[in-house]
Amino acid sequence: IAFAIAFLFALWLTFNVADSRAADDFFHVYARQRDLTLGGKTSLPPTVPLLRRGDDQYAERTLTGELAPGIGGLLAIYTYVTESTDSNGNREKTYHPFTIGMTDIQECVAHLPELYCQRKSGLRALEKFEDVFRTSKERVRLESEALADRYEIFCAKGQDAVWLRQLFSPTFIVWLTESAPDKFGFELVDGTLVGYVRGHKEDSADLDKVAAATSLVATRLREESAESAGASGPTG
C-alpha cells in the first residue's frame with residue numbers, strides 16, 4: 001500500500017511539473033510573438049473594485065506592452081481569494097480566477113471618473129429595490145433592450161447623462177451585445193480601465209480576445225473624450 005501511494009504521488013507530481021513547464025513555455029512563446037514582457041507572480045495596484053475584492057489578490061502572470069497599436073497596458077492571469085470559517089471552525093479559501101486587460105485613459109477622467117459595465121446576474125424586477133441602497137453610484141439606463149438584458153451599467157452619481165449616451169453609440173452597443181467575449185465586463189476608475197472575463201484564459205485566442213476587447217473600450221473612451229475636448233475648445 002505504501003508503495004502504491006508513493007507511486008501515485010510521484011505520478012501526480014510528474015504530471016503537475018509537466019503541466020507547469022508546458023504553461024511556462026506557452027506564455028514565453030506568446031509574449032515573444034506579441035512583443036510583450038512576461039512577468040511572474042505579483043500584486044496589481046488596487047485601482048478598481050475588482051482588484052480590491054477578497055482577502056488576498058495577486059496576478060500569477062503578467063504580459064506588459066501594447067495590447068493593440070497605440071494602447072499600452074498589460075494582460076494578467078489574476079486571482080482574488082476569499083476566506084471563510086465553516087461550522088467546525090476550519091478556515092476555508094475560495095479562489096476567484098479572472099483574466100484581465102489593464103490600460104490608462106487619463107484623458108477621460110474629467111468627463112467620466114467612474115463607469116462599471118458588468119454582465120447581468122440578477123432579475124430586472126429587483127433592480128429598483130437594489131438601487132435604493134446604492135449611495136455613491138447610480139444605474140445607467142439606455143434605450144437598448146438588448147444591452148439591458150445582458151449588462152448592468154453604473155456610474156458615479158451626478159455623471160453627465162448626455163456624455164454617457166454619446167459614449168454608448170449604436171455601434172458600441174452592438175459590439176457589446178453581439179461581439180464582446182463571453183462574460184466580458186469592464187471597470188473604469190480615475191482613468192484606469194480594467195477589462196475582464198472570468199476564468200484563467202491560457203490559450204492564444206482567448207488572451208487575444210481579452211486584449212482586443214479592452215483596447216476597443218479604451219479606444220471608444222478616447223474617441224469620445226477627444227470629441228468633447230474639440231467641441232469645448234476655441235472656435236476661432
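This is a predicted model: local features need pLDDT of at least 70, side-chain atom pairs count only at pLDDT 80 or more; totals for chains, interfaces and linings use all residues.

User: How many bridges join β5 to β8, and in which direction do the two strands run?

Analyst: Strands of a sheet pair through backbone hydrogen bonds, in a parallel or an antiparallel manner. Here β5 (residues 114-119) and β8 are joined by four bridges and run antiparallel.

User: In what order do the strands of the sheet lie?

Analyst: The open sheet is formed by nine strands in the order β1-β2-β3-β4-β9-β8-β5-β7-β6, with antiparallel pairing. At its edges stand β1 (37-39) and β6 (137-139); each has a single partner strand, so one side of each lacks a neighbour in the sheet. On average, neighbouring strands of this sheet are turned by 20° against each other, direction ignored.

User: Which strands are joined to β9, and by how many bridges?

Analyst: Seven bridges join β9 to strand β4 (residues 91-104), and this pair runs antiparallel. Five bridges join β9 to strand β8 (residues 185-189), again antiparallel. Individual bridges can be read as well: Leu-193 in β9 is the bridge partner of Thr-103, while Gly-195 in β9 stands opposite Phe-186. β8 and β9 also form a hairpin with two residues between them, and Asp-190 in the turn has a positive phi of about 50°.

User: Is β9 largely enclosed or left open by the rest of the structure?

Analyst: A residue is called buried when its relative accessible area is under 20%. In strand β9 (residues 192-198), six of the seven residues are buried, so the strand is largely enclosed by the rest of the structure.

User: Is Thr-103 buried or exposed, and what surrounds it?

Analyst: Thr-103 has its place in strand β4 and, at 3% relative accessibility, counts as buried. Neighbours within four places in sequence aside, its contacts include Ile-71, Gly-73, Thr-192, Thr-214 and Ala-218. Gly-72 is also in contact with Thr-103, and the backbone oxygen of Gly-72 lies 2.5 Å from a polar atom of the Thr-103 side chain.

User: How many salt bridges are counted, and which parts of the chain do they link?

Analyst: Side chains of opposite charge can pair when their charged atoms come close. The count here comes to eight salt bridges. One of them joins the side chains of Arg-61 and Asp-24, at 2.9 Å from N to O. This pair links distant parts of the chain, for Arg-61 is in strand β2 (residues 56-68) and Asp-24 in helix α1 (residues 2-34), 37 residues apart. Arg-61 counts as buried at 17% relative accessibility, whereas Asp-24 counts as partly exposed at 27%.

A further salt bridge is formed by Arg-34 with Asp-208, whose closest N and O atoms are 2.7 Å apart. Arg-34 lies in helix α1 and Asp-208 in helix α6 (residues 204-232), so this pair ties together parts that are 174 residues apart in sequence.

Arg-222 forms a salt bridge with Glu-107, with 3.3 Å between the closest N and O atoms. Here Arg-222 is in helix α6 and Glu-107 in the loop between β4 and β5, 115 residues apart.

Note on methods
Residues are numbered from 1 along each chain as its sequence is written. Side-chain values use heavy atoms; hydrogens and water are left out. Buried means under 20% relative accessible area, exposed over 50%, partly exposed in between (1.4 Å probe, protein chains only). Two strands pair if DSSP finds at least two bridges between them. Axes are lines fitted to C-alpha atoms, for helices over the stretch in contact, and angles run from 0 to 180 degrees between N-to-C directions. A polar contact is a pair of N or O atoms within 3.5 Å; within protein, one must be able to donate a hydrogen and the other to accept it, and residues adjacent in sequence count only if both atoms are side-chain atoms. Contact means heavy atoms within 4.5 Å. A salt bridge is a side-chain nitrogen of Lys or Arg within 4 Å of a carboxyl oxygen of Asp or Glu.
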